[in-house]
Amino acid sequence: MASSNAPEIVMTGPLMAYAADQLKERFVVHELWKAADRDALLREIADRVRGVAAGGGHNRVDAALFDALPKLEIVSSFGVGYDHVDAAEAGRRGLIVTNTPDVLTDEVADLAIGLLLATVRQLPQVDRYLREGKWLKGAYPLTTSLRKRSVGIVGLGRIGKAVAHRLEAFGLPVAYHGRSRQADVAYRYYPSLIDMAADVDTLISVAPGGASTHHIINAEVLKALGPNGILVNVGRGTVVDEAALIKALQDKTILSAGLDVFEDEPRVPADLIAMDHVVLLPHVGSASVHTREQMGQLLVDNLVSWFEGKGPKTPVPETPVRDR
Ligand code: NAP
Ligand code: 8YV
């Protein structure tokens, strides 16, 4: 339990106990989502709250919250993606926003490869086949293969590069699409996503959410990917036009998809759930105890460092660091 003169912060939603308990040791914590009258709580604490701990992607941190908390200095967000935080608006107001990069990179890259293999070799379907006793009546039909595939990565950032590195070990050619060519990699760069989709048969999206990536994987891109095409998405659901993807899967415009992220989580379209030729995961890219604890620790460390006057540890680019 923090002393009564500790800095006051707001938690916008539940966080894992590993992080929440540390916050309560160090700060006076107001749990916004538990308030019977959210606006009344915000009015009561407005002159005292200097920090926000934002957990998960469902509670937006935007101008309305900044207006309600005029003494706010820093938003520490859980996760590397921070599309639930209006970081541009925070930057305009001189507020710091931090996220949790790097500590989850390998975990999410591992999951992306697992999801790719599960999709190509139909691992969940094969498991169901055995459990349903069908092996006793005959072998599972032959599947498609990773052999001879070529992969285009959408968003070759920290996680995208870790995925590419793993794909090299599998002997697969890798290309990438992003807004700019990267000097430190030898993979083929495509300024045009549709051109890349036409040249590969496997797309792996690790791009962030937000306006600039909204629905960039659309009907035209899926058509270019073609009938042997596989889409794996571990970035954000909003990057893919989900309705166009469902149609492309129904019409066999592409072969299959492995999805860890969706447009309206945790709601997943019934049309996707009804399909047996896709693999669907409930946004578990970083969801190991090890990695979630590292992320929780970094969320805490950013707040502690800031309130000790040492600056934020991992500020996002939209919010230039300033002294308190
Ligand atoms: P990062 O290092 O910032 O990489 C993001 C990449 O996306 C960059 O290479 C960037 O390249 C590219 N990009 C940004 N805007 C783009 C646009 N409009 N069009 C095309 N490419 C664009 O981030 P990271 O650490 O690799 O994380 C990537 C994302 O993965 C996160 O933002 C999050 O949404 C997602 N994620 C998901 C899970 C999960 O559980 N499934 C876990 C962690 C992260 P350019 O700047 O050259 O365009
Ligand atoms: C988290 C993620 O599960 O880091 C991200 O961007 O998508 C995941 O690691 C998510 O942010 C927590 O809700």
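Predicted model: local features only at pLDDT ≥ 70, side-chain atom pairs only at ≥ 80, totals over all residues.
**A walk through salt bridges, strands and domains**

Residues are numbered from 1 along each chain as its sequence is written, chains are lettered from A and ligands numbered from 1 in the order in which they are written, and side-chain values use heavy atoms, leaving out hydrogens and water.

Lysine 310 has a partner. Its side chain meets that of glutamate 308 in a salt bridge, at 2.9 Å from N to O (a side-chain nitrogen of Lys or Arg within 4 Å of a carboxyl oxygen of Asp or Glu). Glutamate 308 is partly exposed, because its relative accessible area is 45%.

Altogether, the structure holds 19 salt bridges. One of them joins arginine 93 and aspartate 67, whose closest N and O atoms are 2.9 Å apart. Arginine 93 sits in the loop between H4 and S5, and aspartate 67 in helix H3 (residues 63–68), so this pair ties together parts that are 26 residues apart in sequence (helices, H or I with at least four residues, and strands, E with at least two, are DSSP runs numbered from the N terminus). With a relative accessible area of 34%, arginine 93 is partly exposed, whereas aspartate 67 is exposed at 53%. Another salt bridge links arginine 166 to aspartate 110, with 2.8 Å between the closest N and O atoms. Arginine 166 belongs to helix H7 (residues 158–169) and aspartate 110 to helix H5 (residues 105–120), so the pair ties together parts that are 56 residues apart in sequence. Aspartate 110 is partly exposed, with a relative accessible area of 39%.

Now follow the strands. Strand S3 (residues 49–54) runs parallel to S4, and four bridges join them (two strands pair if DSSP finds at least two bridges between them). Here alanine 53 has serine 76 of S4 as its bridge partner. S4 also pairs with strand S5 (residues 96–98), again in the parallel sense, over three bridges.

Back in strand S3 you will find valine 49. Valine 49 is buried because its relative accessibility is 0%. Leaving aside residues up to four places away in sequence, valine 49 touches Glu8, Ile9, Val10, His30, Leu69, Lys71 and Leu72 (contact means heavy atoms within 4.5 Å). Glutamate 73 is 24 residues from valine 49 along the chain, and their C-alpha atoms are separated by 8.7 Å.

Finally, step back to the whole chain. The domain assignment, which is automatic or from a database, gives domain 1 (8–102 + 289–307) and domain 2 (105–280). Their centres, taken over C-alpha atoms, are separated by 32 Å. Where the two domains meet, eight residues of domain 1 are in contact with nine residues of domain 2. How many salt bridges does the rule find across this interface? The rule finds one.

Technical notes. Buried < 20%, exposed > 50% of the residue type's maximum accessible area, 1.4 Å probe, protein only.
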